[in-house]
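Student: I am new to this structure and would like a close look at one part of it. Please pick a single spot, take it slowly, and then show me how the rest of the chain is laid out.

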Amino acid sequence: QVQLVESGGGLVQAGGSLRLSCAASGTIFSINAMGWYRQAPGKQRELVSTITRGGITNYADSVKGRFTISRDNAKNTVYLQMNSLKPEDTAVYYCNANLIPFSGGPRLGYWGQGTQVTVSS
């Protein structure tokens, strides 16, 4: 059983900052890519940022220069530092991990339960 637990969401004023964390736990052999997605009311879930085990990052154009993704492989944890937040960043943020639960096992994708980020104008 694998769990992804997110934390760090909340309410912040425009221009402010938040840091999200997501820790993976359970039966884990190795984790490949980890990332963050978000879903605003009435919209589809969209990619925010991803990071490979080796540290290669990818960002949505809308967050480039404002958000920074990082990870601690020893702790199976991924972070998202969000600066210069805008009202349009308001959404539920979901953590995703692409991992192998046991040696020789399949590569599977897991999602966290989501954490709300609200940016007021």
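Tutor: Let's start with Asp-89, which is placed in the loop between strand S8 (77-82) and strand S9 (91-100). Strands here are DSSP runs of E with at least two residues, helices are runs of H or I with at least four, and both are numbered from the N terminus. Before going on, please note that this is a predicted model, in which local features need pLDDT of at least 70 and side-chain atom pairs count only at pLDDT 80 or more, while totals for chains, interfaces and linings use all residues. Residues are numbered from 1 along each chain as its sequence is written, and side-chain values use heavy atoms, with hydrogens and water left out.

Is Asp-89 buried or exposed? Its relative accessibility is 0%, so Asp-89 counts as buried. That word means under 20% relative accessible area, while exposed means over 50% and partly exposed lies in between, with a 1.4 Å probe and protein chains only. The side chain of Asp-89 makes a polar contact with the side chain of Arg-66, at 2.7 Å. A polar contact is a pair of N or O atoms within 3.5 Å; within protein, one must be able to donate a hydrogen and the other to accept it, and residues adjacent in sequence count only if both atoms are side-chain atoms. Setting aside neighbours within four places in sequence, Asp-89 is in contact (heavy atoms within 4.5 Å) with Arg-38, Arg-66, Phe-67, Ser-84, Val-117 and Val-119.

Ser-84 is placed in the loop between S8 and S9, and with a relative accessible area of 42% it is partly exposed. Ser-84 has a positive phi of about 50°, although it is not a glycine. Most residues other than glycine have a negative phi. Asn-76 also has a positive phi, near 50°; you will find Asn-76 in the loop between strand S7 (67-72) and S8, where it counts as partly exposed at 22% relative accessibility.

Now follow the chain into strand S9, where Asn-96 lies. Asn-96 is buried, with a relative accessible area of 13%. The side chain of Asn-96 reaches the backbone oxygen of Tyr-110 at 3.2 Å. Not counting residues up to four places away in sequence, Asn-96 touches Leu-4, Ala-33, Met-34, Gly-35, Tyr-37, Tyr-110 and Trp-111.

Two names from that list, Tyr-37 and Trp-111, bring us to the aromatic rings. Rings of Phe, Tyr and Trp (its six-membered ring) pair if their centres lie within 6.5 Å; planes under 30 degrees apart count as stacked, over 60 as edge-to-face and the rest as tilted. By this rule there is one aromatic pair. Tyr-37 and Trp-111 have ring centres 5.0 Å apart and planes at 70°, so they form an edge-to-face pair. The pair links distant parts of the chain, with Tyr-37 in strand S4 (residues 30-39) and Trp-111 in strand S10 (residues 108-111), 74 residues apart. Trp-111 counts as partly exposed, at 40% relative accessibility. The charged end of Arg-45 sits over the ring of Trp-111, 4.6 Å from its centre, and the charged end of Arg-19 sits over the ring of Tyr-79, 4.2 Å from its centre. For this, NZ of Lys or CZ of Arg must be within 6 Å of the ring centre and within 35 degrees of the ring normal.

Val-48 is buried, with a relative accessible area of 1%, and its contacts beyond four places in sequence include Trp-36, Tyr-37, Arg-38, Ala-60 and Phe-67. Ala-60 is in the loop between strand S6 (57-59) and S7, and it is buried at 17%.

Finally, step back to the whole chain. It has zero helices and eleven strands, and 41% of its 121 residues count as buried. Its C-alpha atoms fill a box of roughly 50 × 25 × 20 Å, taken along the principal axes. Among contacts between residues at least 6 apart in sequence, 55% join residues at least 24 apart.
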